[in-house]
Amino acid sequence: MIRALTGYSTRHPWKVIALWAVLGVVLSALTPTLFDRVTQNQAGDFLPRSYDSAAALHIAKEQFGVNPDATTVTVLVARADGKALSTADRKRVEAEAAKLAKRRVIMPREDDGPQQFLIPDRSQTPGSALP
């Protein structure tokens, strides 16, 4: 089989070059779409349950009905001493979350270049969910 492929490529070099060029253009055009599909997997499914980030994702699913994806940042807030959050702690967390909620994250950015139309819009306004 290798002999047949090398024989064909030496007899018809321009056809092989054209085939590779067309293949390169097609794959380059499909890359953002394929990349988007790959990154849609659940972010925490591969993490051990003992990790804090995996625990935060589990709590988000169980307590708040949130099903985070790869574009979601889940933050677990806990006290260093392991005690429950006090009212003051909750107010501080809510204040920080309110600051974040005032900033809209635009994705893709305007300076991402001409291929911007190929990138799905992932713009979002941060939010918080506290028990």
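Leaving aside neighbours within four places in sequence, Tyr8 is in contact (heavy atoms within 4.5 Å) with Lys15 and Val16. Tyr8 belongs to helix α1 (residues 2–11); helices are DSSP runs of H or I with at least four residues, numbered from the N terminus. Tyr8 is partly exposed, at 37% relative accessibility, where buried means under 20% relative accessible area, exposed over 50%, and partly exposed in between (1.4 Å probe, protein chains only). The model is predicted, so that local features need pLDDT of at least 70 and side-chain atom pairs pLDDT 80 or more, while totals for chains, interfaces and linings use all residues. Residues are numbered from 1 along each chain as its sequence is written, and side-chain values use heavy atoms, with hydrogens and water left out.

Three salt bridges are present in the structure, each defined as a side-chain nitrogen of Lys or Arg within 4 Å of a carboxyl oxygen of Asp or Glu. Side chains of opposite charge can pair when their charged atoms come close. Arg79 pairs with Asp81, the closest N and O atoms being 2.8 Å apart. Arg79 also meets Asp89 in a salt bridge, at 3.0 Å from N to O. Because Asp89 lies in helix α4 (residues 87–101) and Arg79 in the loop between α3 (52–64) and α4, this pair ties together parts that are 10 residues apart in sequence.

The remaining pair is Glu96 and Lys99, with closest N and O atoms 3.3 Å apart. Both residues lie in helix α4, three residues apart, about one turn of the helix.

Notes:
Helix = DSSP H or I, 4+ residues; strand = E, 2+ residues; numbered from the N terminus.
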